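Dear colleague,

Please find below the structure that I promised to hand over. My notes on it follow directly after.

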Amino acid sequence: MCKSLCSTPKGPDSVDLGWGLEISILSSCSRLMPISCGPHLQKHRMQKISVLFFLAWVGFLFYAGIALFTSGFLLTRLELTNHSSCQEPPGPGSLPWGSQGKPGACWMASRFSRVVLVLIDALRFDFAQPQRSHGPGEPPVSLPFLGKLDSLQRILEIQPHHARLYQSKADPPTTTMQRLKALTTGSLPTFIDAGSNFASYAIVEDNLIKQFASAGRRVIFMGDDTWKDLFPGAFSQAFFFPSFNVRDLHTVDNGILEHLYPTMDSNEWDMLIAHFLGVDHCGHKHGPHHPEMAKKLSQMDQVIQGLVERLENDTLLVVIGDHGMTMTGDHGGDSELEISAALFLYSPMALFPSAPPQEPEIVPQINLVPTLALLLGLPIPFGNIGEVMVELFSVVEDPQPHSSALAQASALHLNAQQVSRFLHTYSAAAQNLQVKELHQLQNLFSKASADYQRLLQSPQGAEAALQTVITELQQFLRGVRAMCIESWARFSLVRMAGGAALMAAACFLCLLVSQWVTSPGFYFRPLLLTPVAYGLAGAIVCAGLLTTIGLKLDPVVLGAMAAVVSLLTFLWKAWAVWGAKRPVTALLPTPGPVLLFLLIRFAAFFSDSFVVAEARATPFLLGSFILLLVAQLHWEGKLLPPKLLTIPRFCLSASTGPPRHNGTHALGLGVGLLLCIRLAGLFHRCPEETPACHSSPWLSPLASMVGGRAKNLWYGACVGALVTLLAAVRLWLRRYSNLKSPEPSVLFVRWGLPLMVLGTAAYWALASGADEVPPRLRALVAGASVVLPRAVAGLAASGLMLLLWRPVTVLVKATTGASRTRTVLTPFSGPPTSRADLDYVVPQIYRHMQEEFRGRLERTKSQGPLTVAAYQLGSVYSAAMVTALTLLAFPLLLLHAERISLVFLLLFLQSFLLLHLLAAGIPITTPGPFTVPWQAVSAWALMATQTFYSTGHQPVFPAIHWHAAFVGFPEGHGSSTWLPALLVGANTFASHLLFAVGCPLLLLWPFLCESQGSRKRWQPLGNEAEARVRSEEEEPLMEMRLRDAPHHFNAALLQLGLKYLFVLGIQILACALAASILRRHLMVWKVFAPKFIFEAVGFIVSSVGLFLGIALVMRVDGAVSSWFRQLVLAQQR
């Protein structure tokens, strides 16, 4: 049996009828709250499952479109597994001049038998420069990183024919793994390989390490353990050290120094590789201008001095940086500071016929690969496209320039033959090189090769002809490199167009269904089952056809096929069943005035200038949007509270409403929002394209601060922000009485959240002063640095589990038979004045009198009947949401720098103000349908973007906060790659997750704000009895109004989710179209491609968060239904 509870009565009068019985006569009952049970509860549960299933399906449509577009836009080049060998020369003709019959000769006679490769990670070129003054008589420029590698300059001055310093240019992306691939294979990395920096895969292409091992030479490695994954089993001896902890400046370097000199003295090696990481980690932790950088560079200078003293004549020393770093110590992009690295070559015997130039020569970094291969008597790796550094192939002993020119031409010709062979093999396998340009380059090589062969027949007196051949060969090699750079940015236009079309169709679907779902008679669950079945069937048929014809199964294509079939089937079925019966104007809605805002956002993504300046443009757009909201509310008259229903018999005059407001409250909310946006903008990170901009110093961790007093003040401010955030949440819950409940989740808010604040503050204290800890306490501090973050995360997870288990934060009190005021429902206002009124009232009074006398008799045997009072059911949904967001915020905050806690505090305050401002313009329609306007959803999504930038992020790879991977894991993660990726992703997309999970608050908050109007309601003058009865007025319904119509509640949640996905989908669609249309733009890989990747990942995180947020509301709704059902059963018993 289903029952209902009558909520707050309005407008009471009371009269005393004697016998100690007071009767309240009420003019109306505000609303009946149905309690679903039996089949109705089952139907309600099915509706909730259908909403979640529909949102998951729409998310799948977007995912399929993103994956299909990505597979066509970010393709990797084909990696050939061919290998060079001494037995197979790279081309026809005899071996180069001077190599026949010499020991150790392969393609060319070796000049060195051993090499020491010292790779100093992130050794920017200017780190190797001396301190110089801007002009004569001026003091030299003093920077921490200048003049610390004095040994290089000293060697260049004392032994100019033995050493050279080059400025090597790295090809982007400037991440370590891609640079190591390029430095050993001579090939170019592709853009998408940047994502595999978390998980290095073994190199399958031919490379220098493999050539050394094939020749039977001993290769010893020590340093960065990235090499372990790239070259498994390739080293005769190796000393690997964990590399991913960027806060650790010394472990890797000290481990290398422990083995470096003993290994050199043993002479049991042919190639010795030492990969130092201290300089790179110092840049990530402190930046290049910190005093620690000077210490690290001085240490590297001592290492170089020690190596030079131990070198023998047959050994070549190579000191190189794999990439540079920005002014903030980051890398990964293609700015000048990131791609500029130092390269230093030295040998105890003379290498160069002339002194070094005044300004170091600029060479591509991959040119080192063919140069080392020929100098050491090895074949050049098969896939190399680098050019030999011809200066190293001069004949120093022979004063004749002809001999040096012939040796250089021979090295270049071998190099060109190898590159020509690679082009022929690659073009046959991949068929994606530009045919016309490839043909021109092959003709150039054929001519240069023919000229070279003629010169070999008569080498005397042909110096000018040799220089011409050298120029032609260099032109060929440089042309090949330029063609490969352009061709390997290849695109599959069919996949790109298909992915963009699928995303556009998904946006259109969100727009349509968000309009249809609130219309009477539209039931989406029956319309969805058949399309999903058709989509799965279509994917299975496609897979069968591909298998039958022998083609490779591509999961991306199969997923896109399933998405397209299901989408088309849904639209056809919806039109046939529901849409054909209605006018087209009702089926094709527009977001109204917000459409202009969405169009501006859409168009802005096609401008690289806007994408670069989005961190400044977003707060401006958000502020303008807020002012527009305030003006719109004022124009529509929605800033005025609802008028009270007047009771003519009690009112002294007709004008009984409260005084009219002029929008001061809403204007105050708008001003507060603008102030919060302005304050959050102080925490900004400048993109590298704006050198005049200076990033906020508050984004750096407290450990990087030098002054102790300033550090302590900032630490106090950060802890104060934590305490303020905790106090604000507790006060909000206490205001709505949700903090009085004995439920486990509420008890956790009381005691668990303070423990999380305490753990976070303690971890910050240890992290900020880790370098100042006494040696005897370092082990204790290290252990606490592991335990505290994990404890905070564990507490947050426990709190979320408790919230999901018992989400109803309601205080229930049971009292026994006290004297109660009886209520009588009447169809009129005031006391009865006619015979008909008395006929209606008297029977009810009689029944109440019977119940009262019966109760008095029962109370002689017992304590009286049980009365149940439930407090604050009206805020049960929003209380669970706010609690969940708080539990999510603390572990996410722990992944950021300490001072970002101030931004998180502003985030919560800003969201609170925006919700109140938006609630003023959202009407409460009872019993439905309920809807959230487009301007509310757009403002919420825009605030998520603004918070992304305010927390110090930028949509570029160098701006990723890698340090988040070590919060709770200071020693690294071993072989695990998903956990550090998860931590870094949570740091980067924290704002997307929080705002997506909190999106249902846009629907709940207007109902929550109903309590403010009722509590401040103006009361007309009356007698004492009236005032006494009005003071006993109960709380308003608030969020319980949503339970009046479960179908409308579920439809409103689905509509809200679809609108939010539409706004986010418009952004990812714009990024995809911009990257597609501008794919040959100069800034495509620097601006548009990273923006697309960040938007795609942000969309995935937001859609998952939105799904979880709506699922939490439905979980609370189900718990409330169960609570009511148990209450009814208890009353029946």
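Asn267 sits in the loop between α6 (251–266) and β11 (271–276), where helices (H or I, at least four residues) and strands (E, at least two) are DSSP runs numbered from the N terminus. Its phi is near 60°, a positive value in a residue other than glycine, and Asn267 is partly exposed, with a relative accessible area of 35%; here buried stands for under 20% relative accessible area, exposed for over 50%, and partly exposed for what lies in between, with a 1.4 Å probe and protein chains only.

Before going further, please keep in mind that this is a predicted model, in which local features need pLDDT of at least 70 and side-chain atom pairs count only at pLDDT 80 or more, while totals for chains, interfaces and linings use all residues. Residues are numbered from 1 along each chain as its sequence is written, and side-chain values use heavy atoms, with hydrogens and water left out.

Ala122 also has a positive phi, of about 65°, although it is not a glycine. Ala122 belongs to the loop between β7 (114–120) and α2 (150–158), and it is buried, with a relative accessible area of 0%. Gln129 is found in that loop between β7 and α2 too, and at 14% relative accessibility it counts as buried. If its neighbours within four places in sequence are left aside, Gln129 is in contact with Leu146, Gly147, Gln153 and Leu165, contact being heavy atoms within 4.5 Å.

As for the aromatic residues, the structure holds 32 aromatic pairs, counted when the ring centres of Phe, Tyr and Trp (its six-membered ring) lie within 6.5 Å, with planes under 30 degrees apart taken as stacked, over 60 as edge-to-face and the rest as tilted. One of them is the edge-to-face pair of Tyr877 and Phe1049, at 5.5 Å centre to centre and with 70° between the planes. Because Tyr877 lies in helix α26 (residues 876–894) and Phe1049 in helix α34 (residues 1046–1077), this pair ties together parts that are 172 residues apart in sequence. Both Tyr877 and Phe1049 are buried. Elsewhere, ring pairs link Phe221, Trp227, Phe231, Phe235 and Phe240 into a cluster.

Two arginines lie over ring faces: Arg114 over that of Trp269, at 4.3 Å from the ring centre, and Arg310 over that of Tyr261, at 4.2 Å from the ring centre. The criterion is that NZ of Lys or CZ of Arg is within 6 Å of the ring centre and within 35 degrees of the ring normal.

Helix α21 (residues 664–680) has 17 residues, which at 1.5 Å a residue should span 24 Å, and its end C-alpha atoms are 24 Å apart, which agrees; the expected span is 1.5 Å times one less than the number of residues. Its buried residues are Ala666, Leu669, Gly670, Gly672, Leu673, Cys676, Ile677 and Ala680. Seen down the axis of α21, these fall within an arc of 160°, so they line one face of the helix, the arc being that of the directions from the helix axis to the C-beta atoms. On the other side of α21, Thr664, Val671, Leu675 and Arg678 are exposed.

For the protein as a whole, the secondary structure comes to 35 helices and 17 strands, and buried residues make up 55% of the 1133 residues.

Best regards
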